[in-house]
Amino acid sequence: MADTIFSKILRGDIPCHKVYEDDLVFAFLDIGPLSYGHTLVIPKEEAATVDQLSDETAAAIGRVLPRLCRAIKAVTGADQFNILQNNGLMAHQAVFHVHFHIIPKPGVSEGLVIEWAPGKLDPTEGAKLAAALSAEIGA
Ligand code: AMP
């Protein structure tokens, strides 16, 4: 995987405002916040997209995310928030080291503003798709 700005932050080569660190996970303030308290949570493991993460690192991120959210809520006073995780250029990923955004939502037009254009799930297609996905996962 190519070296990214987040690898440099992990190595201490460039500064950041660190919020949290354990053996597997690191969190710091986003340099271009969408709202006050916008925080990035990254694995120490070098992986570009979330599907490439080891189970161990995925579990470590999952364990700490709610705690970080609670801290961000308490400190910012915003009781609503989004968690955003982009994978790939078209999906709005700019830094190719896995990261989870925690973005406080203090007001309707603040924080993450999402365009959402829902389709309609056909029941037959849905059954086929769910079965194919289950088979692929091995569940
Ligand atoms: P994404 O579009 O999901 O890849 O988001 C990348 C995020 O990284 C953006 O929100 C940037 O503001 C943030 N970012 C880029 N460089 C830095 C940096 N040096 N320190 C903190 N955040 C950064």
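In this predicted model, an oxygen atom of the ligand lies 2.7 Å from an N or O atom in the side chain of H99, a polar contact being a pair of N or O atoms within 3.5 Å. The side chain of D30 likewise places an N or O atom 2.5 Å from a ligand oxygen, and a polar backbone atom of V95 is 3.0 Å from an oxygen atom of the ligand. The protein covers 83% of the 510 Å² of accessible area that the ligand has on its own (Shrake-Rupley method, 1.4 Å probe). In total, 16 residues surround the ligand, and D30, H92, A94, H99 and H101 are the closest; a residue is counted if one of its heavy atoms lies within 4 Å of the ligand.

Local features require pLDDT of at least 70 and side-chain atom pairs pLDDT 80 or more, whereas totals for chains, interfaces and linings use all residues. Residues are numbered from 1 along each chain as its sequence is written, and side-chain values use heavy atoms, without hydrogens and water.

The largest nonpolar core has 16 residues, of which V25, V41, L68 and I102 touch the most other members. Such a core is a set of buried Ala, Val, Leu, Ile, Met, Phe, Trp, Tyr and Cys residues joined through side-chain atoms within 4.5 Å, where buried means under 20% relative accessible area (1.4 Å probe, protein chains only). Strand 2 (25-29), helix 2 (55-76) and strand 5 (100-104) each supply at least two of its residues; helix 2 gives the most, with 7. A second, separate core of 6 residues includes I9, F28, L40 and I42.

Key: Buried means under 20% relative accessible area, exposed over 50%, partly exposed in between (1.4 Å probe, protein chains only). Helices (H or I, at least four residues) and strands (E, at least two) are DSSP runs, numbered from the N terminus. A polar contact is a pair of N or O atoms within 3.5 Å; within protein, one must be able to donate a hydrogen and the other to accept it, and residues adjacent in sequence count only if both atoms are side-chain atoms.
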